[in-house]
4 protein chains.
Amino acid sequence: MAKMKVAIFVESGRIVLDEKPIPDPGPLDALIRITTTTICGTDIHILKGEYPVAKGLTIGHEPVGIIEKLGSQVTGFREGQRVIAGAITPSGTSTACLCGYHSQDGSGTEHGWQAMGGWKFGNTIDGSQAEYLLVPDAMANLAPVPDDLTDEQVLMCPDILSTGFAGAESGRIRIGDSVAVFAQGPIGLCATAGAKLMGATNIITVESVPERMKMSRQMGADQVIDFKKADPVEEIRRLTDGRGVDVAIEALGRQQTFEWALRSLRPGGTLSSLGVYSSDLKIPLDAFSAGLGDNTIVTSLCPGGKERMRRLMSVVASSRVDTRPLVTHRFKLDQIEEAYDLFGHQRDGVLKIAITP
Amino acid sequence: MAKMKVAIFVESGRIVLDEKPIPDPGPLDALIRITTTTICGTDIHILKGEYPVAKGLTIGHEPVGIIEKLGSQVTGFREGQRVIAGAITPSGTSTACLCGYHSQDGSGTEHGWQAMGGWKFGNTIDGSQAEYLLVPDAMANLAPVPDDLTDEQVLMCPDILSTGFAGAESGRIRIGDSVAVFAQGPIGLCATAGAKLMGATNIITVESVPERMKMSRQMGADQVIDFKKADPVEEIRRLTDGRGVDVAIEALGRQQTFEWALRSLRPGGTLSSLGVYSSDLKIPLDAFSAGLGDNTIVTSLCPGGKERMRRLMSVVASSRVDTRPLVTHRFKLDQIEEAYDLFGHQRDGVLKIAITP
Amino acid sequence: MAKMKVAIFVESGRIVLDEKPIPDPGPLDALIRITTTTICGTDIHILKGEYPVAKGLTIGHEPVGIIEKLGSQVTGFREGQRVIAGAITPSGTSTACLCGYHSQDGSGTEHGWQAMGGWKFGNTIDGSQAEYLLVPDAMANLAPVPDDLTDEQVLMCPDILSTGFAGAESGRIRIGDSVAVFAQGPIGLCATAGAKLMGATNIITVESVPERMKMSRQMGADQVIDFKKADPVEEIRRLTDGRGVDVAIEALGRQQTFEWALRSLRPGGTLSSLGVYSSDLKIPLDAFSAGLGDNTIVTSLCPGGKERMRRLMSVVASSRVDTRPLVTHRFKLDQIEEAYDLFGHQRDGVLKIAITP
Amino acid sequence: MAKMKVAIFVESGRIVLDEKPIPDPGPLDALIRITTTTICGTDIHILKGEYPVAKGLTIGHEPVGIIEKLGSQVTGFREGQRVIAGAITPSGTSTACLCGYHSQDGSGTEHGWQAMGGWKFGNTIDGSQAEYLLVPDAMANLAPVPDDLTDEQVLMCPDILSTGFAGAESGRIRIGDSVAVFAQGPIGLCATAGAKLMGATNIITVESVPERMKMSRQMGADQVIDFKKADPVEEIRRLTDGRGVDVAIEALGRQQTFEWALRSLRPGGTLSSLGVYSSDLKIPLDAFSAGLGDNTIVTSLCPGGKERMRRLMSVVASSRVDTRPLVTHRFKLDQIEEAYDLFGHQRDGVLKIAITP
């Protein structure tokens with residue numbers, strides 16, 4: 001049985017390169033030969049043991065690759081096609097999916113709902129930091145890459161572009177909106193791009209790392225606030241003539257950014273939350289108008305499925321958003337441990353790392 | 001100058017009967033002679049000093065009455081008409097109103113938004129627990145009462161029916177939804193009625209006062225959980241085959257009910273919050289799927305304006321909802337202090353008190 | 001190879017009882033032994049040759065039955081379960097399905113969209129007027145029937161209840177709406193029930209057959225207009241104080257009803273169309289405010305999938321809607337030709353016919 | 001009594017320069033001294049007698065000017081401010097306005113709804129092709145112009161930018177949508193800009209006038225089809241891999257473009273109609289999937305009100321859309337008849353004409 005290299009979670013603090021047999025696709029699966037993948041902030045949560053996964057699991061959920069073998073029941077694709085699959089791979093047939101909540105896919109459960117159940121790669125099944133990847137429910141999840149787009153051009157589609165845009169979409173941004181985005185890491189930068197793409201005309205971002213502040217303007221920010229130099233809530237009030245923003249997007253997962261987001265809203269405004277939190281959150285009474293402000297707080301898990309991927313690639317193809325500058329580093333799969341070290345410590349201005357087997 | 005009796009806020013713990021001159025309507029106002037009004041839970045917050053208002057303010061925001069005099073610019077109405085006005089009296093012309101956020105009306109502010117700004121009666125201007133009431137922006141706010149409806153039949157429209165229904169509406173309840181409503185006071189009971197009216201088929205309410213539990217079934221509950229006898233979150237899981245509810249409505253304004261509501265949701269579910277909170281809220285990390293559950297938390301302040309009132313009265317007229325059983329007691333305006341005492345201490349199975357000058 | 005009785009389309013004007021081999025389920029299919037089914041108005045279109053299907057096709061798309069055999073890849077169900085499947089059986093995995101347009105399922109097409117593609121039974125694959133039925137994409141489509149509901153209680157769920165409710169849902173009916181429903185055949189009656197279920201408080205229906213007018217009130221109509229006795233557009237104006245209805249539902253598929261529906265709307269109103277038309281439609285300029293009336297015209301094809309079926313059955317179980325009175329006649333599958341004759345000629349006050357193999 | 005120059009409708013075929021007294025503002029009005037205005041396609045309909053208005057009415061509904069005098073009840077503005085007002089001037093207080101249908105404002109009617117009732121300037125009251133203009137319900141309608149924007153930069157906000165964007169908004173365009181826009185006159189060009197602003201990534205426009213085809217690309221078109229050289233429906237199919245567009249925007253008001261728009265949709269797609277039609281429309285049966293395609297047809301009348309204007313000016317200020325190239329000609333008010341002649345005959349590549357008193 002042929003072997004492949006994989007990056008596995010061993011224990012808190014250790015993700016290492018290892019070997020596993022190349023798997024054989026079941027009737028509804030596809031086997032993909034990975035050509036490019038990357039590391040996500042969530043993988044760092046896994047590395048640190050903050051987000052628990054099974055020991056020995058292959059990590060990674062952002063695959064670009066070539067169809068190596070299709071399951072017996074899979075139609076509509078052919079071996080040799082270059083494809084991506086989303087970080088979230090819905091079955092399409094569970095109750096949650098039929099209700100449009102593909103990320104909460106509960107296939108396999110009694111009633112068809114599972115919190116975060118659509119996130120399988122590198123969470124509940126082997127992931128993409130490997131030479132080969134098994135894609136479940138391939139008919140719902142394989143998205144052919146247009147010939148004129150490179151691997152790196154589409155590398156952000158499986159997760160951060162989908163997640164970042166979801167922050168804008170769940171916020172229901174409208175033409176002429178003022179929008180604040182808190183934190184300008186990879187997800188926050190894509191949220192900024194999404195806000196611009198939906199017609200926001202006053203996009204205010206909050207960050208303090210100089211490279212990220214610069215990239216923020218490149219992705220669409222009209223104003224960038226360095227929260228180490230000014231109070232972001234006061235600044236946002238000032239930049240919106242005292243009104244506050246229509247939509248605030250939280251893109252870090254901390255109490256501080258959540259609270260800033262809430263306080264920066266106009267009455268009736270929406271807080272769209274993308275961050276993965278690691279402790280309880282507090283809603284301050286005054287920031288919430290005691291429950292009478294007609295406010296909305298909405299959270300989003302990265303939308304997946306082949307059509308979402310097609311749409312995101314069409315955004316890239318249209319040149320309306322260019323995510324290539326987000327790839328600041330490149331490593332071989334063999335160097336994955338080194339890549340985790342760099343990315344985990346956010347050294348050297350790293351945003352995203354392209355990993356090639 | 002003729003005088004009228006009014007119930008005014010004197011200081012924390014004291015709302016008393018007093019006298020004021022009968023006011024004269026400005027060009028856009030209408031003067032209403034009150035025929036019936038009532039006391040709201042929010043008035044008790046005011047009485048206790050938990051919600052601050054100016055000393056000497058006339059309290060009350062639920063008016064039924066007769067148009068006594070119209071302002072010089074008011075058209076479309078005639079003196080002698082029996083009308084109601086909502087607890088919330090939007091101007092219609094502020095930025096917030098033009099955006100559809102009538103309850104956050106910012107008329108008079110620089111930018112047109114004011115948190116809770118639509119709530120004026122008994123909050124920022126004199127209210128309805130009086131012999132006469134000045135209705136601002138009368139053209140947007142006077143709603144004629146159909147002849148075949150009594151004062152008591154429409155007495156719940158200005159606030160609790162509008163608020164309760166808003167809990168169902170903001171939750172975007174759909175046909176076949178499972179819905180949980182936490183607390184079955186007057187607002188919660190109307191939320192239950194609203195959930196039924198929108199097509200929920202599995203309505204589970206949580207309460208412990210026997211009279212309210214009974215009334216809950218009358219208003220539409222399919223199941224009533226006594227939280228003193230069973231854990232409501234576990235019970236709700238059981239009653240939804242493990243799935244959780246699509247929409248949970250909080251109708252009390254406490255951490256406990258907020259948290260139960262959050263924990264009772266299915267993935268992707270919506271918490272629709274109606275309560276007036278008096279302290280910071282905590283969102284438990286696990287109940288929030290660490291921010292990845294595609295959940296929505298939405299708050300609503302009582303929708304107002306004449307069309308909202310017309311629609312609510314049409315619900316009453318259609319006999320689809322009957323709020324008359326909610327009126328458990330009747331007092332004269334002269335007895336208002338006694339009425340506050342009874343209502344504030346929730347004695348004698350009180351739900352709502354009809355007050356007549 | 002075992003045989004089964006089936007009703008097949010032979011040629012325009014002829015649907016006859018015949019025999020076919022009992023099919024074997026593929027990996028994603030389920031074989032159902034039909035216990036009850038019915039005839040739909042669409043089947044009459046097929047019979048008359050107005051809606052073309054392949055000669056020899058088994059007709060029918062409203063199955064109630066017992067799982068006889070599951071395909072090799074089907075999980076989550078067990079043989080012997082009593083189930084229904086919707087008239088529309090989406091794959092869940094096509095682009096259309098991933099976008100939430102399950103009825104326009106394009107599985108098998110290049111790009112994943114197919115007009116009416118979700119309607120397969122008795123249209124593009126063999127249908128339910130038979131002793132056995134093959135359900136495609138079983139995991140997305142089998143819906144277990146609660147033990148306490150009879151076959152006849154759930155018989156309307158696969159099509160007419162789902163379609164009728166969709167008329168109300170696509171019209172986005174809100175609490176307090178005025179709604180007109182044009183034609184009170186089985187679909188229109190279910191639209192009336194759906195309008196009531198969503199909170200309409202002034203439901204006006206238009207019909208002329210006495211039995212249907214009577215049933216209309218039973219299903220929720222507040223007013224029933226006999227269009228042979230009064231002009232329905234004028235009557236609707238009168239019954240809405242000159243305003244027109246918020247939502248008009250067309251449930252026949254004719255120019256006359258479409259035009260009445262359009263003319264009965266208030267400015268900004270929505271025409272929700274359910275009918276299957278058989279000729280071009282005309283939009284009169286004046287009824288359309290020359291294109292400046294902020295109007296919406298929306299069409300709906302019966303929503304399907306297991307979760308839709310579960311929700312509809314929960315409506316039935318909750319007793320909020322009772323469709324049993326719609327079953328006016330009962331026939332054996334052996335008598336299917338007789339049943340078509342009765343139903344096609346709308347004799348004897350027929351609404352729906354229960355067919356049992 | 002001081003006089004002012006005005007352009008009035010005399011009879012079919014004649015709009016002439018005349019004089020009227022400068023009006024005095026009522027309590028809720030504002031008197032504006034016009035600094036720039038323009039002619040709309042609708043004015044040509046009026047000129048030709050296709051859209052009837054009262055003889056002697058001052059024409060025009062796109063005002064930029066200076067507040068000369070405020071009505072006695074108007075607060076929040078000051079004389080001397082430079083402002084615009086929308087073509088549509090809602091009262092904010094009618095039932096239609098309270099329901100969010102500001103363009104169907106029925107102030108003055110019994111029930112508060114009036115088809116197109118929000119369009120007052122140059123339709124039911126004197127318009128903006130004059131030296132002075134009376135703005136009704138000034139508090140809802142005056143929008144101060146930021147100092148750094150010129151009259152010409154904001155001249156398109158009152159009508160064509162608002163209308164064009166409404167085409168995109170009513171179509172509910174989403175990130176990654178394919179959109180077709182039929183006709184690239186001023187409204188169609190703004191619809192194209194709106195589609196891009198909302199995140200469409202494949203915008204296909206249909207036109208044949210070379211200058212407009214060129215401008216179309218400038219406003220955001222990815223592909224421009226010359227309908228004199230190729231069948232637009234076939235081309236759109238080809239450019240969308242056979243799928244059809246998600247949203248088609250009609251921007252002319254003819255059967256041909258309406259029908260093309262319908263035929264270019266994917267199943268479940270939305271036709272967003274902006275054109276002012278002058279005859280009945282036909283919906284071809286096949287293009288409509290016999291009523292089973294889950295399609296939506298929606299019409300929009302130019303949204304107005306001060307907040308809409310503020311948002312549109314913020315789009316202009318953000319440089320996301322530049323409408324200056326649309327101003328192809330400039331005339332004095334004295335030359336208004338000449339301007340109508342040029343504009344009415346679409347000579348000399350005219351798109352929009354700036355008129356200055």
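1. The structure is a predicted model. Its scores are ipTM 0.97 and pTM 0.98. In chain A the average pLDDT is 97, and 100% of the residues score at least 70.

2. Chain A and chain C touch each other: 16 residues of chain A are in contact with 16 residues of chain C. On the chain A side, the elements that give two or more residues are α2 (95-98), α3 (138-141) and α10 (306-317). Of these, α2(A) gives the most, with three residues.

3. Within chain C, attention may be given to helix α6 (residues 186-197) and helix α7 (residues 210-219), whose axes come within 8 Å and cross at roughly 25 degrees. Angles under 35 degrees count as roughly parallel, and α6(C) and α7(C) are therefore roughly parallel to each other. The crossing in which α6(C) passes α7(C) is right-handed.

4. The residues that form this helix contact can be located in the structure. From α6(C) come L189(C), T192(C) and A193(C), which meet M215(C), S216(C) and M219(C) of α7(C). Four residues of this contact are nonpolar and two are polar, with no charged residue among them.

How values were computed. Residues numbered from 1 in each chain as written. Chains lettered and ligands numbered in written order. Predicted model: local features only at pLDDT ≥ 70, side-chain atom pairs only at ≥ 80, totals over all residues. pLDDT = per-residue confidence, 0-100. Contact = placed C-beta atoms within 7 Å. Helix = DSSP H or I, 4+ residues; strand = E, 2+ residues; numbered from the N terminus. Axes fitted to C-alpha atoms, helices over the stretch in contact; angles between N-to-C directions. Parallel < 35°, antiparallel > 145°, perpendicular 65-115°, else oblique. Left-handed = near helix turned anticlockwise from the far one by under 90°. Nonpolar A, V, L, I, M, F, W, Y, C, P; charged D, E, K, R; others polar.
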